[in-house]
Amino acid sequence: MDKFFMYAASLQTTGIHLTRIGLVIVLLWIGCLKAFRYEAVGIIPFVANSPTMSFFLKYDAPEYKKHMNKEGEYKPENIAWHKENNTYLFSYGLGAVIVLIGLLIALYPVSPALSAVGSFLAFIMSLVTLSFLLTTPETWVPSLGDSESGFPYLSAAGRLVIKDVIMMGAAVVTMAQAAKKYVETKT
């Protein structure tokens, strides 16, 4: 059993690198998906209800509820509404920022300082995302007659958001490693 623990202890650096790779993959993938209509529409409940982001949109919450498409559904009138609402434009910008954060984190081998900045930005992004639990009604199971609704019953949207706690921790771990490497190169 001691051999197992000794081996496991030797994997810390490997684990941090795998964490960084995971952050980069998730950020690049999710960031790129923001260029597609279904993903843009999917984030609108979060953005429209956010006090720090809703100003990017033309219409206030809960107006969006009448114009939501299911994933894979094509409704031209809803697409037109989302164009007018700036849904797609906002999503493109957000996607570009998320991709940039992923690329910064990926620079660890060549620029630990930029990678540390990217990880810090991923930490901030995760904090903002977690704030959606407080601002977005869709993150909780609605009261539709069942006693299992509201807090602590996370909806699919809420379960998606709560996972950012992991991203936040991963960002701190990769930021610390990158900052340490940067400081070591300066001494």
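Helix α8 (residues 164–186) has 23 residues and extends 32 Å from its first C-alpha to its last, close to the 33 Å expected at 1.5 Å a residue. The expected span is 1.5 Å times one less than the number of residues. Helices (H or I, at least four residues) and strands (E, at least two) are DSSP runs, numbered from the N terminus. The model is predicted: local features need pLDDT of at least 70, side-chain atom pairs count only at pLDDT 80 or more, and totals for chains, interfaces and linings use all residues. Residues are numbered from 1 along each chain as its sequence is written, and side-chain values use heavy atoms, with hydrogens and water left out.

The buried residues of α8 are Asp164, Met167, Met168, Ala170, Ala171, Thr174, Gln177 and Ala178. Buried means under 20% relative accessible area, exposed over 50%, and partly exposed in between (1.4 Å probe, protein chains only). These buried residues of α8 pack against α2, α6 and α7, where contact means heavy atoms within 4.5 Å.

The secondary structure of the chain comprises eight helices and zero strands. Of its 187 residues, 36% count as buried. The C-alpha trace spans about 60 × 40 × 30 Å along its principal axes. Among contacts between residues at least 6 apart in sequence, 65% join residues at least 24 apart.

Ser155 is placed in the loop between α6 (112–135) and α7 (156–162). With a relative accessible area of 12%, Ser155 is buried. A polar atom of the Ser155 side chain lies 2.4 Å from the backbone oxygen of Glu138. Not counting residues up to four places away in sequence, Ser155 touches Glu138, Thr139, Trp140 and Val141.

Asn78, in helix α4 (residues 76–85), counts as buried because its relative accessibility is 5%. Asn78 and His67 are eleven residues apart in sequence, and their C-alpha atoms are 5.0 Å apart in space. When residues up to four places away in sequence are not counted, Asn78 touches Lys66, His67, Met68 and Asn69.

Leu18 lies in helix α2 (residues 12–33) and counts as exposed because its relative accessibility is 56%. Together with Ile21, Ile25, Val26, Trp29 and Ile30, Leu18 makes a nonpolar surface patch of about 600 Å².

Methods: Polar contact = N/O pair within 3.5 Å; in protein donor to acceptor, adjacent residues only side chain to side chain. Patch = residues over 30% accessible without salt bridge, like charges linked within 9 Å, V, L, I, M, F, W, Y side chains within 5 Å. Areas by Shrake-Rupley, 256 points an atom, 1.4 Å probe, with all protein chains shown as cover. Salt bridge = Lys/Arg side-chain N within 4 Å of Asp/Glu carboxyl O.
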